[in-house]
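Colleague: I have just opened this one and would like a guided tour. Could you take me through it step by step?

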Amino acid sequence: MNRLIPMKKEQILWIAASAVGLLGTAAAGLAGVASLPAPVAGVSLAAAWVSIAVTLGMLIRHLARLKAMTQVFRVGAQMKIPFDSRRDSVLGEIAVAAEQFLDETHQKVRQMQDENRDLGLQVQLLRRRKSSIEAILNSIQDAVLVTDDRDRVLLANTAAESLFGFKFDKDNPCLVHDAVSWRELIRLIGKSRQSRTPHVRHELTFPQKDGPITFNTVLSCVLDDFGNVLQVVAVLHDVTREKEISQMKNDFVSHVSHELKTPLASINAYAEMLVDGEAQDAETTRQFCSVIQGQAQRLGRLIEDILNISRIESGLIKVSRQTHSLALVIRDAVQMIMSYAQEKNIAIHAPASILYDQVSIDRDMISQVIINLLSNAVKYTPAGGQITINSELNEVEGTVCVTVADTGVGIPEKDIAHIFDKFYRVEANNKYAKGTGLGLNLVKQIVETVHGGSVFVTSTPGQGSTFGFVLPLSKERAVQMVS
Amino acid sequence: MEKKKALVVDDEFHIVQVVAIKLRNNGYQVDTAENGSDAYDMACQTKPDIIVTDYQMPVMTGLKLIEKLRQNPQTAQIPVIMLTARGFEIEDALKEQLHISACLSKPFSPREVLGTIEEILGQQAAV
């Protein structure tokens with residue numbers, strides 16, 4: 001049974017002061033009891049006892065915890081926990097130390113939480129970077145293959161997978177011998193590792209089902225701090241097209257120089273003959289001069305063709321477009337080529353167009369197109385053959401189509417697709433005529449690039465060819481009768 | 001004294017003509033052909049003392065013509081001068097193998113062609 005023991009105000013104050021002494025700042029609130037006004041303290045004496053009992057209960061629990069922590073502080077003392085000499089109670093010191101310890105612990109926890117958050121962010125960032133690097137590697141058209149010192153494939157981008165025909169699995173790296181069937185590349189990777197050369201370049205040509213592919217291959221060694229080769233990085237850049245273009249350029253220079261030298265050789269030889277007095281009469285002298293003049297003109301035309309193609313391709317050509325009658329341009333071109341055709345006993349039929357329409361053209365250029373087509377037809381048509389040039393209107397589409405048909409040697413099927421390519425010559429027809437392979441390319445460039453039209457060809461070997469082009473009609477259309 | 005016979009081969013009409021005129025003016029009997037195949041047939045028939053041929057020609061190249069000439073005992077000893085465009089020079093080993101007497105680059109000098117022919121035929125006569 002609980003009994004309430006009456007106490008004087010002084011007793012209460014003593015207990016409160018003792019509690020403060022015992023608990024230090026933690027029990028400082030109790031000190032407030034001492035300052036209670038006397039009437040309140042007198043009335044609430046019982047309540048004060050209860051409050052003290054509760055406080056003492058709390059105190060006992062705190063003491064139990066502090067006791068346990070004392071063990072920790074023994075260690076802490078050796079760690080020079082600051083001693084506050086103003087504290088006269090061991091328990092108070094422990095409480096201060098515990099408070100500091102808790103503060104530090106909380107601070108460390110917060111710090112570690114911050115660090116943990118930072119690390120998380122860094123991991124996310126690294127993952128993104130890794131994905132980005134993988135995406136970059138895979139977006140590279142060059143094949144990239146990385147192998148380690150045990151010949152395992154550590155990395156292969158999409159281009160490498162496609163080129164070598166294998167699927168790269170980073171979790172289960174395969175051996176390079178299993179991934180790559182090109183022995184020469186494997187041999188060079190091994191050689192590169194042995195030689196420890198930082199970078200070495202090879203030009204490798206590999207047979208493929210669509211024809212050989214040439215790669216500019218750079219093998220780089222990744223070394224550790226001791227100079228050991230950790231990895232060999234192989235980067236294969238497809239240079240097949242560049243090689244073809246380079247070869248084409250070389251062929252062009254060689255071909256053009258040969259073509260330029262032929263008329264030059266004639267000019268030089270005939271001029272020397274004149275100087276040496278080898279022309280023994282006036283007629284021979286005139287013939288020699290005529291040859292020199294003709295060959296000089298040939299040289300000029302050849303140079304002009306080369307320059308025109310170059311100008312059209314670079315967009316630098318000056319185009320003078322005016323509305324002209326295509327029928328009249330055709331008529332003039334036929335007249336220009338007629339004597340050449342007659343020399344070979346070839347007939348040119350140019351049915352007079354009843355109607356003609358107007359086209360907006362550069363007259364000189366389109367004239368050159370028609371002359372090129374006609375002269376080609378004469379070149380590749382045997383004596384006694386026929387050439388027919390025709391033009392046809394398509395009112396619905398608003399175009400005019402010009403065709404030049406011959407009874408010549410024709411073009412093999414395999415050459416048809418390339419016939420308008422620059423410098424392309426039909427090998428089977430080389431024996432019939434010489435040429436640079438520029439004429440038809442110039443036709444295509446003038447019609448398509450300059451005039452927005454199109455060119456076409458049909459041919460049957462041994463029977464003849466039909467070359468043609470389509471031009472859009474001028475907007476100022478005026479249908480007239482050809483007089 | 002019987003005229004020396006020369007065969008001039010080139011698919012370029014004006015080149016054949018200028019060499020032919022130069023040689024005729026200097027006492028040679030000259031035949032002409034426009035490709036290697038025709039030239040070989042003509043050489044077999046006329047047995048020229050010397051042949052001047054272009055390298056690049058349709059139907060049969062100058063090199064192929066010389067190969068065929070060398071394979072035929074009747075034409076194997078005929079000296080040949082080859083006219084080549086720069087960039088198509090014949091390698092020395094091949095020149096020796098096919099017994100090509102001289103190579104002249106285009107643009108060439110008819111005077112030089114005549115001089116070379118006379119030198120070769122003169123050496124032959126001396127032997």
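**Where the two chains meet**

Modeller: Let us start at the contact between the chains, bearing in mind that this is a predicted model: the contact takes 22 residues from chain A and 22 residues from chain B.

Colleague: How much area is buried between chain A and chain B?

Modeller: About 2,000 Å² is buried between chain A and chain B, and carbon and sulfur atoms give 55% of that area.

Colleague: And which three residues of chain A supply more of its buried area than any other three?

Modeller: Those are A:H258, A:K261 and A:E272, which supply 25% of the area that chain A buries against chain B.

Colleague: Okay, stepping back to chain A as a whole, how many helices and strands does it have?

Modeller: The secondary structure of chain A comes to 14 helices and 14 strands, and of its 483 residues 37% are buried. If you take the contacts in chain A between residues at least 6 apart in sequence, 60% of them join residues at least 24 apart.

Colleague: What about confidence, say the mean pLDDT of chain A?

Modeller: The mean pLDDT of chain A is 81, with 82% of its residues reaching 70 or more. Among the elements of chain A, β12(A) has the highest mean pLDDT, at 96, while helix α2 (residues 31-34) has the lowest, at 40. Over residues 1-43 of chain A the pLDDT is below 50, and this stretch has 30 contacts in the model beyond near neighbours in sequence. The pLDDT also stays under 50 over residues 478-483 of chain A, for which the model has 17 contacts beyond four places in sequence.

Colleague: Let's look at the open sheet in chain A with β7 and β12 in it. What is the strand order?

Modeller: The five strands of that open sheet in chain A follow the order β7-β10-β11-β13-β12, and the pairing is mixed. At the edges stand β7 (347-349) and β12 (454-460) of chain A, and because each has a single partner strand, one side of each is left without a neighbour in the sheet. From one strand to the next, the twist averages 15°.

Colleague: Switching to chain B, what does its open sheet of five strands look like?

Modeller: In chain B the order of the five strands is β2-β1-β3-β4-β5, and the pairing is parallel. The edges are β2 (28-33) and β5 (100-106) of chain B, each with a single partner strand, so one side of each is left without a neighbour in the sheet. The twist here averages 20° from one strand to the next.

Colleague: Is β3(B) largely enclosed or open, and why?

Modeller: β3(B) is largely enclosed by the rest of the structure, because five of its five residues are buried. Both of its faces are covered, with B:I50, B:V52 and B:D54 buried on one side and B:I51 and B:T53 buried on the other.

Colleague: Which strands does β3(B) pair with?

Modeller: β1(B) and β3(B) pair in the parallel sense over four bridges, and β3 (residues 50-54) of chain B also pairs in the parallel sense with β4 (residues 80-85) of chain B, over four bridges. B:I51 is the bridge partner of B:L7, and in β4(B) the bridge partner of B:I51 is B:V80. B:V52, for its part, stands opposite B:I81 in β4(B).

Colleague: And which strands does helix α3 of chain B lie across?

Modeller: Helix α3 (residues 62-71) of chain B lies across β1, β3, β4 and β5 of chain B, running at about 165° to β4(B). Helix α1 (residues 13-25) of chain B lies across β1 (4-9), β2 and β4 of chain B, at about 170° to β2(B).

Conventions. Residues numbered from 1 in each chain as written. Chains lettered and ligands numbered in written order. Predicted model: local features only at pLDDT ≥ 70, side-chain atom pairs only at ≥ 80, totals over all residues. Heavy atoms only, no water. Pairing = 2+ DSSP bridges. Helix = DSSP H or I, 4+ residues; strand = E, 2+ residues; numbered from the N terminus. Axes fitted to C-alpha atoms, helices over the stretch in contact; angles between N-to-C directions. pLDDT = per-residue confidence, 0-100. Contact = heavy atoms within 4.5 Å. Buried area = accessible area lost by both parts, 1.4 Å probe. Buried < 20%, exposed > 50% of the residue type's maximum accessible area, 1.4 Å probe, protein only.
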